[in-house]
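Me: I have a model open and want to talk through its packing. Can we start with a pair of helices?

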Amino acid sequence: PDLGTLEASLAELTRGAEDKEPILHSFKVSQHLRVGVRDILGKDDIQDTHAELSDVAEACLRHIAEVETAKLVEKRGEPRIGEPGSVPLTDGELPSYWQWHPGVERMGEPCEFIVLALGKLGGREPNYHSDLDLVFLYEADGQTFASRRSTIQNTSNNHFFSELGQRIIKHATHFGPYGRLYDVDPRLRPPGRSGSLAVSLAGFVRYFQEGGGQLWERQSLCKARVIVGSEHAAQRAMDAVTEAIYSKPWQPSDAAEIRAMRMKLEESASRHNLKRGPGGTMDTEFLVQMLQLKHGAEMPVVRKTGTIAGLSALEQAGVLSPDDAIFLRSAYGFQRSIEARIRLMDAAGRHEFPDDPREQAKLSFLMGTDNPAELEKKVFDTFRKVRDTFTKVFDRAART
């Protein structure tokens, strides 16, 4: 089933239910079982598996956002853009970030909520137990509105949408009798933990245009995509994301800074770690994002949120050699497949290639081979070759 079918199925399952919590958990578990069985049987490749897991997470999050929005509107009123009769915000002398404000023609209209997915969910490549990196945005500042007969006390849009974000996180992460639905990480929002949980589009762009956004923050936005919001709001949000990413021109020193960030994440990882270890999947992800930051302003075609799609786009644009792109696509798919099957084994180390012979035998079986030693050799040969490619590409980027 595609995302639309999943959403329709979940809506039908929860229609009229007083307690939707067990239904939501059952829906996720049953869908993960479906995906896992097809994964083990080799019916889907790793890209399809990741895309299906992404669709399940999106369906759950959209449902939660819809439920919590309805509850909060009943409590706080409907958020509106500005106030009727406000001064236009499209005057040419205003800072350029105001172009992300709807302007006077929409004053008093409903204000939309927007959720950005970053990280693995943004790239449509989450694993069975991946955290969900989310950023909460809204169209513009203003006030909530309730009828004159209502006893509701109006509040600011910032307060409304920040509370909505808190409710979504609490709903998704609550550990109850059915376990936890998802782990949600909102720390990638501007300006991190010190700022509001929700940010207006103008405030989001202003943060980066005025120098607040660090290189690692712009790098993380290379995987951003909208998972909650209308088509119009999503387009405005992605325009704002593009402006934020490329608000500063590329400098060769940026490659050295990104490489240093990657090495920092490696310090606490073992050589068996498929994600953060030397030559792990982060090498490929950082390489793709570095090249997107370097070339994306002039080459919009390379702006892909998925790692494998990004490698293909960089190859087609002539930024990455065909040999490097073909190898990295194969290596990344192989490493993520190993990681996925380790998750299915419910091993203690979610990213660790096992050193226990019995665990290696289980993993080999799930990978379709009866030779654990051969699998181990391929894993560590891949680590070495990925790191060699990472070093070569970063050395070249640091010189130009």
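Reply: H6 and H8 are roughly parallel to each other, because the angle between them is under 35 degrees. This is a predicted model.

Me: What angle do the axes of H6 and H8 cross at, and how close do they come?
Reply: The axes cross at roughly 10° and come within 9 Å. H8 covers residues 231-245, and H6 covers residues 201-209.

Me: Which residues make that contact?
Reply: On the H6 side they are Leu 201, Phe 204, Val 205, Phe 208 and Gln 209. H8 contributes Arg 236, Ala 237, Ala 240, Val 241, Glu 243 and Ala 244.

Me: How do the residues of the H6 contact with H8 divide into nonpolar, polar and charged?
Reply: Eight are nonpolar, one is polar and two are charged.

Me: There's a glycine in H6 too, Gly 203. Buried or exposed?
Reply: Gly 203 is buried: its relative accessibility is 11%, and the cut-off for buried is under 20%. The C-alpha atom of Gly 203 is separated by 9.3 Å from that of Leu 137, which is 66 residues apart from it along the chain.

Me: Now the other helix pair. How do the axes of H9 and H14 cross?
Reply: They cross at roughly 150° and come within 7 Å. H9 spans residues 252-266 and H14 spans residues 372-399. H9 is therefore roughly antiparallel to H14, as the angle is over 145 degrees.

Me: Which residues are in contact there?
Reply: From H9: Pro 252, Ala 255, Ile 258, Arg 259, Arg 262, Met 263 and Glu 266. From H14: Arg 387, Phe 390, Thr 391, Phe 394, Asp 395, Ala 397 and Ala 398. By type, the contact of H9 with H14 has eight nonpolar residues, one polar and five charged.

Me: On to the cores. How many residues are in the largest nonpolar core?
Reply: It has 45 residues. Those with the most contacts inside it are Phe 204, Leu 221 and Leu 320. Phe 204 also takes part in the contact of H6 with H8.

Me: What does Leu 320 touch?
Reply: Leaving out residues up to four places away in sequence, Leu 320 touches Leu 287, Leu 291, Leu 311, Leu 314, Glu 315, Ala 325, Leu 328 and Val 393. Another core, of 38 residues, lies apart from the largest one. Leu 6, Leu 24, Phe 27 and Phe 136 are among its residues.

Me: Where does Arg 124 lie?
Reply: In the loop between helix H4 (119-122) and strand E3 (132-138). Arg 124 is partly exposed, at 32% relative accessibility.

Me: Last one, Glu 109. Where is it found, and what does it touch?
Reply: Glu 109 is in the loop between strand E1 (78-79) and strand E2 (113-118). It touches Pro 79, Arg 80 and Ile 81, not counting residues up to four places away in sequence. Glu 109 counts as partly exposed, at 34% relative accessibility.

Me: How far apart in space are Glu 109 and His 32?
Reply: They are 40 Å apart, C-alpha to C-alpha, and 77 residues apart in sequence.

Technical notes. Residues are numbered from 1 along each chain as its sequence is written. This is a predicted model: local features need pLDDT of at least 70, side-chain atom pairs count only at pLDDT 80 or more; totals for chains, interfaces and linings use all residues. Side-chain values use heavy atoms; hydrogens and water are left out. A nonpolar core is a set of buried Ala, Val, Leu, Ile, Met, Phe, Trp, Tyr and Cys residues joined through side-chain atoms within 4.5 Å. Buried means under 20% relative accessible area, exposed over 50%, partly exposed in between (1.4 Å probe, protein chains only). Contact means heavy atoms within 4.5 Å. Axes are lines fitted to C-alpha atoms, for helices over the stretch in contact, and angles run from 0 to 180 degrees between N-to-C directions. Helices (H or I, at least four residues) and strands (E, at least two) are DSSP runs, numbered from the N terminus. Angles under 35 degrees count as roughly parallel, over 145 as roughly antiparallel, 65 to 115 as roughly perpendicular and the rest as oblique. Ala, Val, Leu, Ile, Met, Phe, Trp, Tyr, Cys and Pro count as nonpolar, Asp, Glu, Lys and Arg as charged, and the others, Gly among them, as polar.
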